[in-house]
Amino acid sequence: MSRERVNAAIVGVGGCLPEKVLTNEELAQMFSVDAEWIEQRTGIKERRTADASQAASDLGVVAAERALAQAGISASEVDLIIVATTLGDMQTPSTACIIQERLGIKNVPAFDLSAACTGFVYALTVGAQFIANEFYRTILVIGVDLGSKMVNWSDRDTCILFADGAGAVLLRPAKPGYGFLAMQIGADGSGSRSLQIPAGGSRMPVTPEIIEAKLNKVCMNGFRIFSFAMKKIAEVTEQALTAAGIRKEDVNLIIPSQANLRIIEASMRLLEFPMEKVMVNLDKYGNMSAASIPIALGEAVADGRIKPGDVIVLTGVGAGTTWGSIVIRWG
Amino acid sequence: MATIDQVRDLILKLKKKNITAADIKPEARLVQDLKLDSLDFAELLVLTEDALAAEVTHDDLKQLTTIDSVVAFFDQHAKK
């Protein structure tokens, strides 16, 4: 007799946001853009930015500690750490190793995963495999990005969007019928030029000229990314729901990448899904890339928007291009 | 359904507060009259691709300046 697959479940969630608030009005003054134009174009009213001394691990550790506390799990019980991030503390070692030490965890494997704004969904999907094959029992997954340190502060199209934060969850085996019911991830490398940080890797080492040209910062073709994101959020959410055998009408909450309100609204129109059942918090935080979904999830749980037995969907899209969607029965 | 009606439905799907069905006349200009911005065009691209089951390039999109031109584009691709 074959055994039932063991689903992963999220048993604790925590977030960390820098204290400093950057409003549209401040950006309007700093960069000759209009505050209303920013909100009309993005849905963002304000965002958080780290100070010069803060790095990815500083936010990631706090988010992890909060997730552990909420789950009632001690750091010593963690079997594996996965950190989804675009710009970790340094090129090497991984931010996951730095966070491991700071949490006082010894010897367990720790690695970073790069899938931009889809990073958290990718990381959950990877973590869930270790739960399914019963290789590990307690997995810490962190999404952290410091967009303010990735953008070119003279490029208004990106500096109004990206922001800083970290979110973390603990995965454990779910009780039967609960947890991750279906996972879909994908990528299309032909879209890699739509959103990239060209310099800083082995292709284009950073030189004074590169810094002058800002090629070590985010370069974005907003039009291409918008149409990709809109279409793909709808498509991959639909695919994941089909794989889970769940009807759209039975979904209680969708938590999409918080890239841009107009992308979310357009994709939900395409999916024919009501915005009342979509989690949006980008008005307060902007696009925190890999951190957006776990922070939105934490807020939804805290606000009582997710109850045991609810069906929720986490859907991410991002640079690569990459996409992923996970259908979860909560509890 | 006449093509103009198909295009009217598609533009209304953008859910722009300032656009009613009566505004979507053949001569209406997408940018100047209907006030579509670049993000609306990105959405229009996806909706058009869905409606025609065909790829719409950035160059195609540049030709779409009026409702009439969108209707002509639909007619041209529907025949293929």
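1. Basis of the model. This is a predicted model, in which local features need pLDDT of at least 70 and side-chain atom pairs count only at pLDDT 80 or more, while totals for chains, interfaces and linings use all residues. Residues are numbered from 1 along each chain as its sequence is written, chains are lettered from A and ligands numbered from 1 in the order in which they are written, and side-chain values use heavy atoms, with hydrogens and water left out.

2. Two domains. Chain A is divided into domain 1 (8-178) and domain 2 (180-329), with bounds that come from an automatic or database domain assignment. The C-alpha centres of these two domains of chain A lie 14 Å apart. Across the boundary, 52 residues of domain 1 of chain A are in contact with 47 residues of domain 2 of chain A, where contact means heavy atoms within 4.5 Å.

3. The sheet of five strands. In chain A, five strands form an open sheet with mixed pairing, and their order is β1-β7-β6-β4-β5. Strands (E, at least two residues) and helices (H or I, at least four) are DSSP runs, numbered from the N terminus, and two strands pair if DSSP finds at least two bridges between them. The edges of this sheet are β1 (8-16) and β5 (110-113) of chain A, each of which pairs on one side only. On average, neighbouring strands of this sheet are turned by 20° against each other, direction ignored.

4. Which sense of pairing joins β6 and β7 of chain A? Strand β6 (residues 139-146) and strand β7 (residues 164-173) of chain A are antiparallel, and their pairing extends over eight bridges; A:Asp145 stands opposite A:Gly165 in β7(A). Helix α4 (residues 95-102) of chain A lies across β4 (80-84), β5 and β6 of chain A, and runs at about 140° to β5(A). Such angles run from 0 to 180 degrees between N-to-C directions, the axes being lines fitted to C-alpha atoms, for helices over the stretch in contact.

5. The sheet of four strands. A further open sheet in chain A has four strands in the order β8-β13-β12-β11, again with mixed pairing. Its edge strands are β8 (179-187) and β11 (253-256) of chain A, each pairing on one side only, and neighbouring strands are turned by 10° against each other on average, direction ignored. Here β11(A) pairs in the parallel sense with strand β12 (residues 311-318) of chain A over four bridges, and A:Leu253 stands opposite A:Ile312 in β12(A).

6. Helices on that sheet. Helix α11 (residues 292-302) of chain A packs on the sheet, where it touches β11 and β12 of chain A, and its direction makes about 150° with that of β11(A). Helix α8(A) lies across β8, β11, β12 and β13 (322-329) of chain A, running at about 40° to β13(A).

7. The largest pocket. On a 1 Å grid over the protein atoms alone, a pocket is an open set of points with protein on both sides within 12 Å along at least five of seven lines, a 1.4 Å probe is used, and lining residues have an atom within 4 Å of a point. The largest pocket has a volume of about 900 Å³, a volume being the space filled by probe spheres set on the points, which are joined across faces, edges and corners. Where does this pocket lie? Domain 1 and domain 2 of chain A both give residues to its lining, so the largest pocket lies between them. Of its 37 lining residues, A:Thr86, A:Leu87, A:Ser114, A:Met150 and A:Ile197 lie nearest the centre. The lining divides into 16 nonpolar, 16 polar and five charged residues, where Ala, Val, Leu, Ile, Met, Phe, Trp, Tyr, Cys and Pro count as nonpolar, Asp, Glu, Lys and Arg as charged, and the others, Gly among them, as polar.

8. The second largest pocket. About 520 Å³ of space lies in the second largest pocket, and the elements that give two or more residues to its lining are α8 (222-244) of chain A together with α2 (38-52) of chain B. The largest share of this lining, seven residues, comes from α8(A).

9. The peptide bond from A:Thr92 to A:Pro93 is cis, with omega near 5°, and A:Pro93 is in the loop between β4 and α4 of chain A. A cis peptide bond also joins A:Gly320 and A:Thr321, with omega about -5°.
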